[in-house]
Amino acid sequence: MMSGVVHMLTENLPVLLPLVVIQIILMAAALISLTRTKETRGPKWMWVLLIIFVNTLGPVAYFIFGRSEER
Amino acid sequence: MQWITIYKKEWLEMLRNYKWIWVPLVFVLFCIIDPLTTYYLPVIIEATGGLPEGAVFDMPTPPPSEVFMMSIAQLNTLGVLVLALMTMGTISGEKKSGVAELILVKPVSYFSYLTAKWAAASTLLILSAAIGLTASWYYVQLLFGDVSFSAAVGVIFFYSLWIAFLTSISLFMNAWSRLPGLVLFFTLASLMIMSLVTSLFSNDLAWSPARLSSYLRSLLITGEVPVDLWYTSLVTAALTILLLYAGTKRLKKSSRLS
C-alpha cells in the first residue's frame, strides 16, 4: 500500500511540486529576514525552530508577530 | 503629488518587511490547497489507514465551479484573517512610535495619508488574491474540468471590491484606536456583525456587501453577472468611500486632541 502512495506521489509530482516550492520559499524568506533583524519578539532560536518545523504557519507567524520593530 | 509619495513609501516598507513575498505566496497556498485535497482525498484516506473493511463510501466529485468557490471560501476565512493581521498596525503602530506625527507635521493632508495607506495595502492584497485565484482556476481546470476563464476573471474583479472594502474597515478602525489588538478585534467583530445582520434580514438586505461572495457563485455557474451583484458592488464601493471619509475625520479629530 505504501509503495502505491509513493508511486502516486512520483506520478503527480508536477501537480504537487508548487506546494512544496511555495513552502520552501516561505521558509527561506523568513530565515533570511530573521538573520537580518537585530531584535525579535521572544528568543531567536525559538523562531528558527518554528519556521523550520511548523510549515506555512511558522513563517507566517514570524512575519506577523516576530519582528519587534517594523522597519 | 504628496499622495504618490506616501503611496511609494508604503510600497517600499512592504518590500522591506517581506510582505511582497509572503502575502502572495500564502494566498496562493490558501487558494490551491482545497482543489488539491479534494482531488487527492481518496489517496489521503488510503494513506492514513483506509476505510474499515466492507465500508462502501462513494465520493462524488464536486462540480468544477464548486471547487473554485472553495478557494473563495478559504480566502473569506484565512485570507480575511491575514488581511486584518497585516493591516492592524498600519496607522496605530505609527501613532505609537511617533512616525505618524513625523509625517503629518509636513503639509500632508490626513485624507491622502489615510487613502494612500489604504491604496497600498489594497494593491498588495488584491494582486495576491488575483494570483491565488488564477492558480486555483488553473488547478480546477487541470483536475476537475472546465470553468470559463472570463467568469473567473469576473469573480476576481468583484472580489477585489470586497478586499478594498475590508481594507477600508481595517483602516477606519486604525484611525480610532492606538492598539493594534483592538483594531484587529473591532475589524473582525464588525465583519461578524455585518454577516449576522445580513443573514437575519436577508430579504431586506439583498445588496449587503456580506452577500457579495454568494453572488459570485451564480456568476460562475451561469457565466452572467447577476443584477444583484451590480447593486451589491455599488453599495460596497460607496461604503468603502464612506469609511475612508469617516476615518479621515476621526484621524483629524484625534490628532487635535493629543
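**Notebook: aromatic pairs and the A–B interface**

I counted ring pairs over all chains and got 18 aromatic pairs by the rule used. The model is a predicted one, and I kept that in mind for each entry below.

**Entry: Y7(B) and W11(B).** I looked up this pair next. The ring centres of Y7(B) and W11(B) are 5.6 Å apart and the planes meet at 50°, so I logged the pair as tilted. I then checked accessibility. Y7(B) has 18% relative accessibility and counts as buried, because the cut-off for buried is under 20%. W11(B), at 29%, counts as partly exposed.

**Entry: Y39(B) and F144(B).** Here I noted ring centres 5.9 Å apart and planes at 80°, so this pair is edge-to-face. I looked up where the two residues lie: Y39(B) is in helix α2 of chain B, while F144(B) is in the loop between α7 and α8 (149–176) of chain B. They are 105 residues apart, and the pair links distant parts of the chain. For accessibility I have Y39(B) as partly exposed at 37%. F144(B) is buried, with a relative accessible area of 17%.

**Entry: the interface.** I turned to the contact between the chains. I recorded 24 residues of chain B in contact with 24 residues of chain A. The area buried between the two chains is about 2,200 Å², and carbon and sulfur atoms give 77% of that. On the chain B side, Y18(B), W22(B) and L29(B) lose the most area to chain A, together 28% of what that side buries.

Between chain B and chain A the count of salt bridges is zero. Two residue pairs are in polar contact across the interface, both at pLDDT 80 or more.

Last, I asked which helices of chain B supply the side that touches chain A. I listed α2 (19–39), α3 (41–47) and α7 (110–143), each with at least two residues there. α2(B) gives the most, with 10 residues.

Notes: Residues numbered from 1 in each chain as written. Chains lettered and ligands numbered in written order. Predicted model: local features only at pLDDT ≥ 70, side-chain atom pairs only at ≥ 80, totals over all residues. Heavy atoms only, no water. Contact = heavy atoms within 4.5 Å. Buried area = accessible area lost by both parts, 1.4 Å probe. Salt bridge = Lys/Arg side-chain N within 4 Å of Asp/Glu carboxyl O. Polar contact = N/O pair within 3.5 Å; in protein donor to acceptor, adjacent residues only side chain to side chain. Helix = DSSP H or I, 4+ residues; strand = E, 2+ residues; numbered from the N terminus. Phe/Tyr/Trp six-rings, centres within 6.5 Å; stacked < 30°, edge-to-face > 60°. Buried < 20%, exposed > 50% of the residue type's maximum accessible area, 1.4 Å probe, protein only.
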